[in-house]
Structure formats: C-alpha cells, structure tokens
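Hi,

Here is the structure we talked about. Please open it alongside this note; what I found follows below.

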Amino acid sequence: MAHPNPLVERLAQHARADPARVAAVRGASRVTYAVLLTRAEQAAEVLRRASANERSVVGIVRTGELEHLVWTIGAGIVGAASVAIPVHASDAERDATARVTGATHIAGDGGVQSLGTVPPQLTARGALLFTTSGTTGAPKVVVQSAGAIVRQAPRHVDEPDERFACLASVEHNFARRHRLYVLARGATNVFVEGGARGAVGAANAFTTLHVTAFQAQELLTVDGASALRGKLLKLGGSHVHGALRERLRREITPRVRFGYGTTETGAIGFTEPDDADAGESVGRALPGLEVRVLDEGGAPVPTGEPGAIAVRSDGLFEGYLDRPELTAQRLVDGWFQTGDLGRLDAAGRLHLVGRADDMFVFNSMNVHPQDLEAQVREHPGVADVVVVPKTSPVHGDVPVALVVAAGGEALDLRALKRYVRDRAGLRCPRQFLLIEEVPRTEAGKVDRAAARGLVEGAAAR
C-alpha cells in the first residue's frame, strides 16, 4: 500500500526497486536505500512512542547530517511536520526556532522530547518547515508539502546516477531541500567534511558540487582545486558577478551553472555551461515554471525593462505559517511575488537587479545597489563591493560604495570614482570607502544591514 507522504513513498519505491542502491556516502561508509528506509522506520517508531503524529511538528537537532535526514523521513512516516533547529545555535536561538515553528517535539542526539505545546494548524500532512528572515529580519516560516519537494526535485537533480555534494550543512534551507531532492530522485547524497578543502580532497566521491558564491571564492584558494575539473559546479544563493564566473570556469571547471531560487519555490533558473551569451544572468526558467517581470500595477514590462519577479509553478510552497495576510500578499492568483527585481532578455534569460526592499531613492532617482556593484566590480583593482544608502536630509539616500581592494594592493579611490561615474552617470556612489571584507550572512549573502552599520560608524569617527 502506498504511503500518503509522497516523499516517503518515493524513498520506499527506490528501496523496493533496487535495495542495494546507494542513498548516502560519508567517507568510506555507504548507506543503501533499503537501510536508509529501515533506519527512518526505526526513528518513526521512537517518535510514535513519544506520541508524535500527523498534528505534530518535530524539531530536529542532530549533529550528523545523515541522521538529520533519517529523522526527517521518520517524521514524514508518522505524518508529522519537521523543521531543522541548528545544533550550534545558542539555547535562546534554538528555543526561538522551536517557538516560531510551533514545535511539539525535539529529536536530538539524546532522544525525543515532547514539549507538550499546542501544534499549529497545518494543511499539508508531513510538511517541511523552513525558517527565513529574507532581508527584513522579520522571521517567516515557509511551509512546503512533501509533494512539492518531489515535484521540484527534477529541476535540481538531473539524473538518478548523480552523486551530489553540498558544502552547506543540512540545517541550511537550500542544503536541506537539496538533500531531500536527491532522495526523491533516487540519487546519492555525498557528505564531505572540511569545507572547500575537504571537497577538493573528496572530489572522486561526487559528480556535482553545490556551493554559494562565497564558498566558490574559497575553492579558488585551495591547492589542487583542479581535481574538480569535469565536475558540475552549481552556484546559488546570491548574485555571481562576471569576474568570478570567468575565474571559476578557467581555474576550477568549465561545467558551471549559475542559478537563482527561493525557499518558497525551489530553483527558478540556471544557466547552461555552453551558453556563451548568458552574461551575468541566472538562465531561463526551468521546466515546469513560468517567470514574469511586472510593473507596479502587476502588468508585464517590455523585454529588457526591470520589474518585480513573479513565479508560477507546480511546486510552490503552501504558505507562511500562521501568517495568512502575508501569504495572500505574496501568493496572488497562483503567482509568487519573490520580492526580487529583474529583467528578461530577448532569449528569455532572467537577469537579477536586486531586492525590491534594497532599492533606495537618491535625488528622485531609483538606485538598485546590485547594478552599481556590478559596475564597480568591473574595475580591475576591486575584489568585492557592496553599495548601501547613507541618509541625507537634502538628497534622500546617498549611495556609498564599500570596496575591497584586489590582492591587498593600494587602490586610488578618486580614480575609481571617475571610472564608475563614466559608467553609472548620476547614480554613481558619492563616497567610496575601503574595507577589509564585505559583511555576509552565514549563507554567504551580503549583509546589507551590517554594511550600513560600517558606513554609519565611519561617519561617526
């Protein structure tokens, strides 16, 4: 009899069809689909004894990534929702995650604990919960059905023979989703330790490596990174500028795909390695998705014009937990309003412009920081940059560029400003400041709030 949870049923199908098929690799250890399913069923039995059921939410706090997956599937078997609670977070942070997600049970290394809390109302049995703050800092809980994960999986895992590695921990949203996509496709999860250096050392174990732009830069510093030649390298999580793309193709592997997605949708687009005209785009919409770029009134803008990105697909999220007003605001007539700005070129490729809430107004002009950052990076003396606004009572928000010099060499900021002015015109940053590194979140995304703090700190000195 088929299991009502599509992800559990897909795992069971793989175990029945080919029990010896390898589901996970960790060092010299191999775990087959049959063994993985058995271990998940054992975890489910422990959860049942703790009174977990289809109305429960299981917070998973496991130090082992494979064990985390086992308990995620185990929760799905009993019909419970599950959420990752970071092992290395503070007690206060773990408590906050449990509280905002409505966790009723905690599955940790020491066993299962029932919290005795009232569970939230979830329409998707065995849902996967993902916490995200976006760029506003306001916590949101994204509810994904197991069926949506199964439908998204072919967009992320091309072939069942793929051996997938990811530098981010399974506790991170995109890493957790990708690990589940692999299981849905019957492919193999490869767990590597030691970050970028560990990935280079374990190159023979995987065919595909998924990294953030920040992690990709780390790969470029590792001796022997040529061992990744011929592997498929996939980048997502933040904008990847042209200079970094070229270095990765030249120094790591020509088989690189640059993508874009959200927690609510999964991957939206990926470039193809052989698309010489992709530029700094994130490729065309993946199969099963539609992408539109809209004006403020919700109408599609002309090709090449920037606007708000909206996505429709057969694998969208269910909504935001206990926030129906936000769900209605972001999910309109089946279209998810991503909050990102972009433009479509004549070939249907999507180019990101930035976040709608990152845009600011300077002297009555709309300024998109990501556009300016791309122009600053074109200077050969710039290794990295972030553009943020500094409030002015006269000019509104004045653009300020925080710049990291390439190779630690001296950088003439006046000459850099003239260089950028020739390209950006009136939108050129009015101030350029040297910093040692651009502040980033744990996921590798630019931390614009922290960057604004650096500007305010410089002004106060």
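Leu341 sits in strand E20, which covers residues 335-344. Keep in mind that this is a predicted model. Leu341 has a relative accessible area of 11%, so it counts as buried, the limit being under 20%. Its contacts beyond four places in sequence include Gly307, Ala308, Ile309 and His368. Leu341 also touches Gly354.

Now the charged pairs. The structure has 27 salt bridges. One of them joins the side chains of Arg26 and Glu67, at 3.3 Å from N to O. Arg26 belongs to strand E1 (residues 22-26) and Glu67 to helix H3 (residues 65-77), so this pair links distant parts of the chain, 41 residues apart. Arg26 is partly exposed at 31% relative accessibility. Glu67 is buried at 17%.

Asp109 and Arg62 form another salt bridge, at 3.5 Å from N to O. Asp109 is in the loop between strands E5 and E6, and Arg62 is in the loop between strand E3 and H3, so the pair ties together parts 47 residues apart in sequence. Asp109 is partly exposed at 46%, while Arg62 is buried at 15%.

Glu251 pairs with Arg250, with their closest N and O atoms 3.5 Å apart. Glu251 is partly exposed at 31%. Arg250 is exposed at 54%.

Finally, a network of salt bridges links Asp275, Arg284, Asp345 and Arg349.

Best wishes

Key. Residues are numbered from 1 along each chain as its sequence is written. This is a predicted model: local features need pLDDT of at least 70, side-chain atom pairs count only at pLDDT 80 or more; totals for chains, interfaces and linings use all residues. Side-chain values use heavy atoms; hydrogens and water are left out. Helices (H or I, at least four residues) and strands (E, at least two) are DSSP runs, numbered from the N terminus. Buried means under 20% relative accessible area, exposed over 50%, partly exposed in between (1.4 Å probe, protein chains only). Contact means heavy atoms within 4.5 Å. A salt bridge is a side-chain nitrogen of Lys or Arg within 4 Å of a carboxyl oxygen of Asp or Glu.
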